[in-house]
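Take a moment to look over the sequence and turn the model around. Then let's walk through a few parts of it together.

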Amino acid sequence: MKPVSPPVLVLDDVTLTYEAHPAVHHLSGTFARGCLTAIVGPNGAGKSTLLKAIMGQLPLSHGTIDRCGLAIGDFGYLPQAAELDRHFPLSVADLVMLGAWREVGVFGRVTSACAEAARQALVAVGLEGFEFRSIGSLSSGQFQRVLFARLILQNASVIILDEPFTAIDARTTEDLLRIIAGWHGEGRTVIAVLHDFDQVRHHFPETLLLARDLVGWGPTASVLTEANLQRTRAMAEKWDESAPYCAA
Amino acid sequence: MSFSALFISPFADYGFMRRALVASIALGLGSGPIGVLLMLRRMSLVGDAMSHAVLPGAAIGFLIAGGLSLPAMGLGGLVAGLSVALLSGLISRTTVLREDASFASFYLTSLALGVLIVSLRGSNIDLLHVLFGTILAIDAPALYLVGAIATFTLIVLAIVYRPLVAECFDPGFMRAVGGHGIFYHLLFLFLVVLNLVAGFQALGTLMSVGMMMLPAAVAQLWARTLPGMALVAAVIAALSGLIGLIVSFHLGFASGPTIILTAACFYVLSLLFCPSGAMRRLLPLRHRTG
């Protein structure tokens, strides 16, 4: 793939392991600034692992990840939803305004401009007037919308989403895809792990197909081919307890 | 018996009852909010484990001071509790053991070690004092220590409230935005140990955590916002101290367990009468049209 715009994230020979077995194996490539890329692959293909490594939360076994001058704090990251306690006693506004952490910090005042930005973000995700509801009263779709509102407030130039539409209904997914398209239009880089091929074909110009090893990376139509998908299925199944150590 | 004979004269007539009252109220004001945060972090059992971890440190302080001395034992307990908190945090990050498993291993070790150390030198009476506390024997310096810890706890909580709650709710987010969440987590563990040390003279190492967890459980049943929960927990903990002391005075019960059982009574009553409780289900449930 030849990036037309400057890179925002360069992976060079990245290997991530779980008990010495590779979860991501010698992956190299570049995310261009402003790209809208889906990461696709079967369960256990290393997709979430790769995102965690990009966020600096996992040590690399091999290779480097170059964030091209950006700090990890410049990345907006939405992990898989199950990891949060949805009955924590916070209001919707509290959660959304966490997105302004880098401006407000520990002791900063929450300005009226910030509160207004939070209100606008809630309008954008279709939750106008939900500010003072407790997050425990939200459905999982509404909760995901609130997390997107927090991402909006974060104003990050690179946005990384890990299975953002799992257990989310069609209408919410559509609304959130529209927000993602908006981010793309503003020149932000968006990288999302997804499972729905149709969704990827319709909304994501580029795709990274991963099955521990890289299967394909480039324009979606040329990556999501039947031949590639069959290769992916074959590769994901093999887990050899006594596989020899990789020489590369 | 008149109101004054029941509620006033135990404190008006006896200095040790007054000191016990002030100590248990101060203890409740600090421990209640700490307990709410512990529970929300799903660390209820970790609090329990840390209270045991305080024991060998206190026992070493007991040996060095040659008797029951709150400063020596408190300092020992603080060091031991913090070491266990830090070590088990480290172990859960570097091995496959989860934090609760490593805490459990540490506290069983600590409990055995603590009992062994106390039994080396002290009598069974001393051991009982360390394990179950002697709130009626609190003297002025001990009272100042408990008061200072409660004051310090509330001030620190007020200062770091925002990052602490954010770290509690979404540690991954704090890591991603570079919010130094781990620093606030450690500060919080420090406050937990500090409050356990404060509770330890009054209620003993085994029961001081009761002043945290039972009021926190009550608070979760009644309040829906975090400040509301902290307030309810602090009030319930302080009230448990007051009522527990009065009951133990009149009935001749041991005061520490009576205080904790009073908190337990609040918990049972809350289970019955709170908005989502058992009694509420006996009434017909009404609902709105939209």
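Here is a short tour of some helices in chain B and of the place where the two chains touch.

Keep in mind that this is a predicted model. Let's start with helix 11 of chain B, residues 226–251, and helix 12 of chain B, residues 255–273. The two pack with their axes 8 Å apart, at an angle of about 125 degrees.

Who meets whom here? On the helix 11 side of chain B you'll find, among others, B:I236, B:A237, B:S240 and B:G241, while helix 12 of chain B brings residues including B:S255, B:T258, B:I259 and B:F266. Sorted by class, this contact has 8 nonpolar and 7 polar residues, and no charged ones.

Now for the meeting of the chains: 17 residues of chain B are in contact with 18 residues of chain A.

Finally, follow helix 7 of chain B along its length. Where does helix 7 of chain B bend? The bend is at B:V160, by about 70 degrees, and a proline, B:P163, follows within four residues. B:P163 is also one of the buried residues of helix 7 of chain B, along with others including B:A142, B:V146, B:I149 and B:F169.

Notes. Residues numbered from 1 in each chain as written. Chains lettered and ligands numbered in written order. Predicted model: local features only at pLDDT ≥ 70, side-chain atom pairs only at ≥ 80, totals over all residues. Axes fitted to C-alpha atoms, helices over the stretch in contact; angles between N-to-C directions. Contact = placed C-beta atoms within 7 Å. Nonpolar A, V, L, I, M, F, W, Y, C, P; charged D, E, K, R; others polar. Bend = angle between axes of the 7 residues up to and from the residue. Buried ≥ 20, exposed ≤ 12 C-beta atoms within 10 Å, placed from the backbone.
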